[in-house]
Amino acid sequence: MASSSSSDDDHHHHHQLPNGSTSTTPPDIQFEFSHHDPTIARINNGSFGSCPSSVISAQQEWRLKWLQQPDDFYFNTLKPSILKTRLVIRDLINADHVDEISIVDNATTAAAIVLQHVTWSFFSSHFQEGDCAIILHYAYGAIKKSLQAYVGRAGGHVIEVKLPFPVNSDEEIVEEFKRGLELGRANGRKIRLALIDHITSMPSVVIPVKELVKMCRDANVDQIFVDGAHAIGCVDIDVKDIGADYYTSNLHKWFFCPPSVAFLYCRKSDILNELHHPVVSHEYGNGLAIESSWIGTRDYSAQLVVPQVMEFVNRFDGGIDGIKRRNHEKVVEMALMLSKAWGTHLGAPPEMCSSMAMVGLPACLGISSDSDGLKLRAHLRTCFKIEVPIYYRAPVKGEDNPVTGYARISHQVYNTVEDYFKLRDAVNKLVNNGFTCALLSN
Ligand SMILES: Cc1ncc(COP(=O)(O)O)c(C=O)c1O
């Protein structure tokens with residue numbers, strides 16, 4: 001139903017460039033993102049993603065179909081169309097059953113669904129006061145608050161696992177996590193839930209989830225929830241191989257969907273039948289996937305464009321896997337270019353980067369608080385037209401001239417090397433001008 005210039009013929013084919021060489025990128029890529037503000041170097045795909053115009057058009061067609069005859073749409077079209085999305089996701093993440101896949105608004109909503117179930121487990125005395133949940137210190141703020149709201153308030157105890165940053169290897173994470181599990185199990189305490197990021201947001205690092213899940217199983221953790229908010233379209237996801245009970249990922253970050261849409265996977269089990277959407281509707285009791293497909297009158301169009309997203313990504317060499325691989329290679333190349341230009345280092349080795357990488361900023365910028373990070377980000381936006389998040393890392397005692405600020409750079413198909421040169425030159429200019437964050441007013 002969506003208009004798309006793609007045909008089966010050009011799937012996976014290289015495209016001829018005027019100079020005779022070939023490209024892995026379709027020639028109309030600039031058109032697909034022509035709604036982006038051309039004056040901004042947009043190197044923050046991670047926060048809010050991006051949506052190509054062919055997918056925006058498909059979404060608009062869905063909206064019109066809905067508005068043309070809402071009754072027919074709600075009763076006859078909506079559910080089977082969401083099912084198509086669920087089937088695509090099932091295959092992409094190697095789930096067994098489509099019943100295991102629900103479509104929800106975002107990762108925050110997925111977390112609410114899982115954690116609400118945890119709350120009920122406390123109320124129904126399955127879980128006892130003082131039982132604990134474990135989460136990474138670098139987990140996303142909204143998800144940490146969700147733990148506080150759903151687990152803390154129900155009498156659960158929350159343990160945060162500190163992670164080193166900069167980080168050098170998976171082993172460093174595994175070691176800290178082992179300590180967290182030991183602490184969780186101290187004095188015979190039970191760990192009811194482990195909430196593990198697949199890719200942390202800030203600082204951004206790929207977490208060895210499969211290994212951590214295995215450690216949780218060995219430590220008899222009841223339930224394991226992987227927050228892969230950034231993951232689909234960014235790193236490989238094989239839910240059976242990872243082995244967690246729940247897995248969520250946003251489709252609007254690295255999978256080209258318009259906001260807002262995510263999937264929640266829950267392994268087939270007794271628990272799946274006990275999960276409920278926090279917004280109760282007519283479909284209450286009919287299974288999470290069906291409950292989630294009608295949560296009252298609202299715009300469902302973002303959930304319906306996944307088939308058109310597949311058409312879009314299949315115009316690239318290697319489809320979504322090719323996109324993901326090239327984004328990773330490119331972001332690492334750009335991160336190394338920047339760290340060399342600034343005389344700094346990466347926050348994590350290349351194999352622990354996804355399509356995002358952390359690049360140390362020159363120490364002389366004087367980034368000395370979270371608020372400095374935010375102010376510098378705003379300064380880069382307004383004075384240099386660069387969109388990039390900045391992470392503040394507190395110095396460790398005894399460090400000499402420590403790097404306290406890191407830029408989190410992203411690479412997506414629309415990015416060009418000029419975007420990163422713009423960031424390199426802006427930072428060099430600040431350094432040459434003797435700029436420090438202390439000069440920025442609040
Ligand atoms: C690790 C992680 N979890 C959860 C979220 C929340 O995603 P959303 O705002 O789409 O619910 C994010 C967003 O950046 C994230 O990075």
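Visitor: What makes Ile390 and Ala407 bridge partners, and in which strand is Ala407?
Guide: Ala407 lies in strand S14, and DSSP makes it the bridge partner of Ile390. A strand here is a DSSP run of E of at least two residues, a helix a run of H or I of at least four residues, and both are numbered from the N terminus. The model is predicted: local features need pLDDT of at least 70, side-chain atom pairs count only at pLDDT 80 or more, and totals for chains, interfaces and linings use all residues. Residues are numbered from 1 along each chain as its sequence is written.

Visitor: How do you know that S13 and S14 pair?
Guide: Two strands pair if DSSP finds at least two bridges between them. S13 and S14 (residues 405-410) are joined by 3 bridges and run antiparallel, so by the rule of at least two bridges they pair.

Visitor: Why are S11 and S13 called edge strands?
Guide: The open sheet has 3 strands in the order S11-S14-S13, with antiparallel pairing. Strands S11 (356-360) and S13 (390-392) each have a single partner strand, so one side of each has no neighbour in the sheet. Neighbouring strands of this sheet are turned by 30 degrees against each other on average, direction ignored.

Visitor: What makes helix H13 count as packed on the sheet?
Guide: H13 (residues 319-342) touches S11 and S14. Contact requires C-beta atoms, placed from the backbone, within 7 Å. The direction of H13 makes about 5 degrees with that of S11; axes are lines fitted to C-alpha atoms, for helices over the stretch in contact, and angles run from 0 to 180 degrees between N-to-C directions.

Visitor: What is the strand order in the sheet of 7 strands?
Guide: The order is S4-S10-S9-S8-S7-S5-S6; this sheet is open and its pairing is mixed. S4 (101-104) and S6 (157-161) have a single partner strand each, so they stand at the edges.

Visitor: How do S7 and S8 run, and how do S4 and S10 run?
Guide: S7 (residues 191-197) and S8 (residues 223-227) are parallel, with 5 bridges, and Leu195 stands opposite Phe225 in S8. S4 and S10 are antiparallel, with 4 bridges; Val104 has Ala262 in S10 as its bridge partner.

Visitor: Why is S4 said to be covered on both faces?
Guide: Ile101 and Ile103 on one side, and Ser102 and Val104 on the other, are all buried. Buried means that 20 or more other C-beta atoms, placed from the backbone, lie within 10 Å of the residue's own. In the protein chain, 46% of the 442 residues are buried.

Visitor: Which residues surround the ligand, and what places them there?
Guide: Among them are Asn106, Thr108, Tyr140, Asp197 and Asp227. The C-beta atom, placed from the backbone, must lie within 6 Å of the molecule. Helices H5 (107-123) and H6 (141-152) each supply at least two residues of the shell.

Visitor: Why is the protein chain called as compact as a globular protein of its length?
Guide: The chain has 15 helices and 14 strands. Its radius of gyration is 23 Å, close to the 22 Å from the globule rule for 442 residues, so it is as compact as a globular protein of that length. The radius is taken over C-alpha atoms, and the rule is 2.2 Å times the number of residues to the power 0.38.

Conventions:
Two residues are in contact if their C-beta atoms, placed from the backbone, lie within 7 Å. A residue is buried if 20 or more other C-beta atoms lie within 10 Å of its own, exposed if 12 or fewer, and partly exposed in between; C-beta atoms are placed from the backbone.
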